[in-house]
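Okay, thanks everyone, I'll keep this short. Have a look at the structure on the screen and then I'll talk you through it.

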Amino acid sequence: MISKNLPVLIVTVPLMTAFLVVILGLLKRKLCYPIAFLATLASFIFSAMLLEKVILHGTIHYYQGGWLPPWGIEYVVDHLNAAMLVLVSFVSLMSLWYSGPSAEKEIPKSKIPYFYSLYLLQITGLLGIVVTGDMFNLYVFLEITSLSGYALIAMGEKHAPMAAFNYVIMGTIGACFYLLSVGYLYIVTGSLNMADLARLLPHLYGSKVVLTAFVFFIVGISLKMALFPLHIWLPDAYTLAPSSVSTLVAPTMTKVGAYVLFRIIFSVFGPHFSLEVMPIAHNILGWLAAGAVLFGSIMALAQRDFKRMLTYILVAEVGYIVIGVAIANRMALTGAILHIINDAFMMSCLFLVAGAIVYKTGTRDIYQFRFLHKKMPLTMAVLIVGALSVIGVPPMCGFFSKWYLILGALAAHKWVFIAVILTSTLFNVAVFFRVIENAYLEPREPAYAHDGGQPEIVKFDEAPIGMLIPMFLVAIGIILIGVFSGHIIASIIKFAIPANI
Amino acid sequence: MITKYEDVIVKTMTRLLIPFIQIYGLYVIAHGHESPGGGFQGGVILGASFILLAVVYGMDEVKKRLPEKLMIAFVAIGVFIYAGTGALCLLFGGNFLDYSKLPFPVAIAERRALGILSVETGVGITVMAVMVAIMLALSSKSKRTRGEFK
């Protein structure tokens, strides 16, 4: 039974647990965390089983309620989906694990059941977006994700409700654009099933309605994935959110948005539409993405707040993925998909570190990180792994996706993109060296000079084990993905790219 | 916090109307799969009856009949019934939400009707509870209890 129903179980288990947590939370608050953890663990195990099944037997179709498409809702899991499912459920599992000690400190006790309920709903939505093969079902899950995200972000520090409100406005506009796009497609084709749309749309490529639907889709999803210049909601929202929330939404939400962009452009509209009927779409996406990479890197350099700095790096990383989609040859798309996977790990790693630092020191100011290498050596080691990966030092995974993106840009003679990627790498070196310098190196003017020259004694004071284990698992993941990136490309990504590119 | 409204006509009319509103809400839920209506519409009507009660008799009266904890539990239980019906179909060997596999001793078409009725019931409960919960959250003024149902 489990093996047959894997695609729906991945979504249903966290969904049902989300409501179970509320009911049990009214009786006994301590039960919320372990139950939420078990549900996410189950989702992760199911995703891993599904990935194995897809690699062995190919694409899996699942029909909700036994109704065949295009009438019923279909769940389709191919190589790209399956990899994304494992990725999202792994990152969710790590952040949920981490949220145990972290949420206890940051979330008021009376709100813990609601917190975990929303957390699980967020995970449900993210997994649902990835697993579904239906345009409208995708919208529903997109809204589940966004609405629970708004509420979770608003639980953060003092100004978080304002940031969440900005996010509500921007996110709702994005959702409207996506919904309008689905509506236009439904007007001309009468179908909502992605595979069915892919079959019907090639006859309608000349239609202005399809063109409008495509443009609306790009705008809507750009808002949701925070593509420059529509990223303005992101830095505030993700900086002010509780640590355990930003570790969940920052790595996954933007990546899932990038997945949707990839899926709809290449699987629904088809590569032929955007590459040959309106190549300008790829040009515009490419320039926006280049802008995102430069803007994100420069703004990251301007920040004192560690978490805000990471959010700007996130904006830049979204740019990298979209550069790959915009170049759209085999190399670049390999780089884009690999970067979706890598970046989820890198951002997860860095946001976990940021949360641990806030947990122990209560500050996010980079200039207050002095002596952190003595106080929290393990956390700092994880920070180094994440930082090196974002910069792109082999064998960390960040190097390989950048390498493929550059190869793709070379093959397409897009010299500007290569320049942009290399420039941003230099910026990243500067950005992270500033953090590492403050955390590791002795200050030039000792802070202890005024109290008689006595060196400040810094005791070993590491984050709790419940936060350290997820951090280390993600850091090990970064290295493993880097070392085995060849295997990942050969067994998964190769099949995820449309055959006619 | 909404307080009691002292007016004999308004209070009497409310007392008379509320049972009929609630019966109508239940009717809309029960007929959802056969005629216009359904869980959402019926739930809104049920919720409206509680809101009318709150407007006229004050929030305390509503809390007496529908304690906050119970309301929060209703929000969760409704969706749980929905997803649980789907999961029950999984247990009996069908796909998710495949009501034809539910073990009712009736024809397949009727099984589907009963399955969707159970889903509508769940939706109705949740919508009703959420309406009252939003009303409560918006009408509680004090800064200390902002965002909590107190």
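I'll go through the contact between the chains, then the cavity. Keep in mind that this is a predicted model.

So, the interface. Chain B brings 21 residues to the contact and chain A brings 22. Who loses the most area on the chain B side? That's B:F80, B:N95 and B:F96, which together make up 30% of what that side buries.

How many salt bridges are there across the interface of chain B and chain A? The rule finds 0. For polar contacts, we get 4 residue pairs between chain B and chain A, counting pairs with both residues at pLDDT 80 or more. On the chain B side, helix α4, residues 68-91, gives the largest share of what touches chain A, with 12 residues. And if you sort that side of chain B by residue type, you get 13 nonpolar, 4 polar and 4 charged.

Okay, on to the cavity. With a threshold of 30 Å³ or more, the count is 1, and the largest cavity holds about 30 Å³ of space. Its lining is A:F306, A:K307, A:A354, A:I357, A:V358, A:T363, A:R364 and A:F369. In chain A, α13 (306-327) and α14 (330-361) each supply at least two of the lining residues, and α14(A) gives the most, with 3 residues. By type, that lining splits into 5 nonpolar, 1 polar and 2 charged.

That's what I have, over to you.

Definitions and conventions
Residues numbered from 1 in each chain as written. Chains lettered and ligands numbered in written order. Predicted model: local features only at pLDDT ≥ 70, side-chain atom pairs only at ≥ 80, totals over all residues. Heavy atoms only, no water. Contact = heavy atoms within 4.5 Å. Buried area = accessible area lost by both parts, 1.4 Å probe. Salt bridge = Lys/Arg side-chain N within 4 Å of Asp/Glu carboxyl O. Polar contact = N/O pair within 3.5 Å; in protein donor to acceptor, adjacent residues only side chain to side chain. Helix = DSSP H or I, 4+ residues; strand = E, 2+ residues; numbered from the N terminus. Nonpolar A, V, L, I, M, F, W, Y, C, P; charged D, E, K, R; others polar. 1 Å grid on protein atoms, 1.4 Å probe; cavity = no way out; pocket = protein on both sides within 12 Å on 5 of 7 lines; lining within 4 Å. Points joined across faces, edges and corners; volume = space filled by probe spheres on them.
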